[in-house]
Amino acid sequence: MKTTVAVLSTAAMIAALVSFRSAPSDDGVSFKFSKPPVNSMGITGSDDLRGKPIVIDFWGTH
Amino acid sequence: MPTSIKLQEKYGDDVQVIFVESQAHTREDYESFAWRSKWMGNNAIWTDERPIPTVGTGLPETALIGVDGKVIMQGNPGSFGKKFEAAVEAEVKKSKAPPEGTPEALKPAWIAYMKGEVSAALAECDKVGSDEAKAAHEQFLSMAKRQIARVKWLVDNGYPADADKLAGELAKAVKGTPDLETQVAAQVTRLAAPDMAAEKEADKAWANFVKEISKKKPFDPANVKKAESLDKKFPNTNAGRRAAHLAELAKVKNA
């Protein structure tokens, strides 16, 4: 397993779904998943994440 | 535990973590791996589709896309140190303020929108009346419609508790905007229908089960047995199918 491993302070998970947030310009990255990701909860691509910071972790199971 | 999981659990819905399996393993393989590693039970999503191209030659690689949709950092996370976490924190802060460059006259509209007051935000835009205000009006409408579409997805896919919560917020947010009110009301009606009762009960049981096992040996035989009994207890429900799927994932042998 190769992923980032570092130490952060522990914090509780916030399970809120509602996201009325700042959503600026449209000239950033754009993507749409061809099939729903695991645990997608209705997220289909970048349009659903407008105005939200996205962390992408490229990893492998080996 | 990967930093990305810790970030997801720290910031909840304020950040979206996307794990991209990049070694051509099957969906069952990486989903099973994530459960076995106790990384599930949060908002992170898992895919094998790359939202953006990688820039390095190996793994791991991490990227941060800021609130303006632009890539802020990308590379081997080992080279970022604490800068990555600081950048995430700064972006979360930005996401709670009107977009940079918003005209003064439109700031009240953005502030209303971010407080969850969609109709008030639309009214503020109409009051300003400029081209920028018209564009913001369309943007608020579009974002509200996406939220409503998400409620529909949650109902369709057997997440009534999450759908209820979001629909409740939206119902307040769009009060006074008839078209949006109608769309939200349609989902509220679906959620209140008698045939949703079994889905609600199953969803609640599944959510409690995930909370209980996600950080404690999810594939322990006793937990697998519980998953199988959830499937039997809630036949023909989405949550029952999720429980059955978990029991199947426990059989996957990760290398």
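Ala24(B) is found in the loop between strand 1 and helix 2 (27-36) of chain B. The model that holds this residue is predicted. Five strands from chains A and B form an open sheet with mixed pairing, and helices of chain B lie across part of that sheet.

- Most residues other than glycine have a negative phi, and most peptide bonds are trans.
- Ala24(B) has a positive phi, near 60°, and is a residue other than glycine.
- Ala24(B) has 9 other C-beta atoms within 10 Å, so this residue counts as exposed.
- Met41(A) is not a glycine either, yet has a positive phi of about 50°.
- Met41(A) sits in the segment before strand 1 of chain A.
- With 17 other C-beta atoms within 10 Å, Met41(A) is partly exposed.
- Leu59(B) and Pro60(B) are joined by a cis peptide bond, with omega about 0°.
- Pro60(B) belongs to the loop between strand 2 and strand 3 of chain B.

**The two chains**

- Chain A has one strand and zero helices.
- Of the 62 residues in chain A, 42% are buried.
- The contact between the chains takes 49 residues from chain A and 75 residues from chain B.
- On the side of chain B that touches chain A, 36 residues are nonpolar, 22 are charged and 17 are polar.

**The shared sheet**

- Strands of a sheet pair through backbone hydrogen bonds, either parallel or antiparallel.
- The order of the five strands is 2(B)-1(B)-1(A)-3(B)-4(B).
- Strand 2 (45-47) and strand 4 of chain B are the edge strands, and each pairs on one side only.
- Neighbouring strands of this sheet are turned by 15° against each other on average, direction ignored.
- Strand 1 (residues 54-59) of chain A pairs in the parallel sense with strand 1 (residues 16-21) of chain B, over six bridges.
- Phe58(A) stands opposite Val20(B) in strand 1 of chain B.
- Strand 1 of chain A also runs antiparallel to strand 3 of chain B, and five bridges join them.
- Asp57(A) is placed opposite Thr62(B) in strand 3 of chain B.

- Strand 3 (residues 61-65) of chain B is mostly covered, with five of its five residues buried.
- In a regular strand the side chains alternate between the two faces of the sheet.
- Glu61(B), Ala63(B) and Ile65(B) are buried on one side of strand 3 of chain B, and Thr62(B) and Leu64(B) are buried on the other.
- Strand 3 and strand 4 (residues 71-75) of chain B pair in the antiparallel sense over four bridges.
- In strand 4 of chain B, Met73(B) is the bridge partner of Leu64(B), and Gln74(B) is the bridge partner of Ala63(B).
- Five residues lie between strand 3 and strand 4 of chain B in this hairpin, and Gly69(B) in the turn has a positive phi of about 85°.

**Helices across the sheet**

- Helix 1 (residues 3-11) of chain B lies across strand 1 of chain A together with strand 1 and strand 3 of chain B, at about 155° to strand 1 of chain B.
- Helix 3 (residues 83-95) of chain B lies across strand 1 of chain A together with strand 3 and strand 4 of chain B, at about 25° to strand 3 of chain B.

**Helix 9 of chain B**

- The 17 residues of helix 9 (residues 197-213) of chain B should span 24 Å at 1.5 Å a residue, and the end C-alpha atoms are 25 Å apart, which agrees.
- Glu199(B), Ala202(B), Asp203(B), Trp206(B), Phe209(B) and Ile213(B) of this helix are buried.
- Seen down the axis of helix 9 of chain B, these buried residues fall within an arc of 130°, so they line one face of the helix.
- Exposed residues on the other side of helix 9 of chain B are Ala197(B), Asn208(B) and Lys211(B).
- The cover over the buried residues of helix 9 of chain B includes helix 7 (160-173), helix 10 (221-233) and helix 11 (238-249) of chain B.
- Helix 9 and helix 11 of chain B pack at an angle of about 35°, and their axes are 7 Å apart.
- The residues of this contact between helix 9 and helix 11 of chain B are five nonpolar, three charged and two polar.

Technical notes. Residues numbered from 1 in each chain as written. Chains lettered and ligands numbered in written order. Predicted model: local features only at pLDDT ≥ 70, side-chain atom pairs only at ≥ 80, totals over all residues. Helix = DSSP H or I, 4+ residues; strand = E, 2+ residues; numbered from the N terminus. Buried ≥ 20, exposed ≤ 12 C-beta atoms within 10 Å, placed from the backbone. Contact = placed C-beta atoms within 7 Å. Nonpolar A, V, L, I, M, F, W, Y, C, P; charged D, E, K, R; others polar. Pairing = 2+ DSSP bridges. Expected span 1.5 Å × (residues − 1). Arc of directions from axis to C-beta. Axes fitted to C-alpha atoms, helices over the stretch in contact; angles between N-to-C directions.
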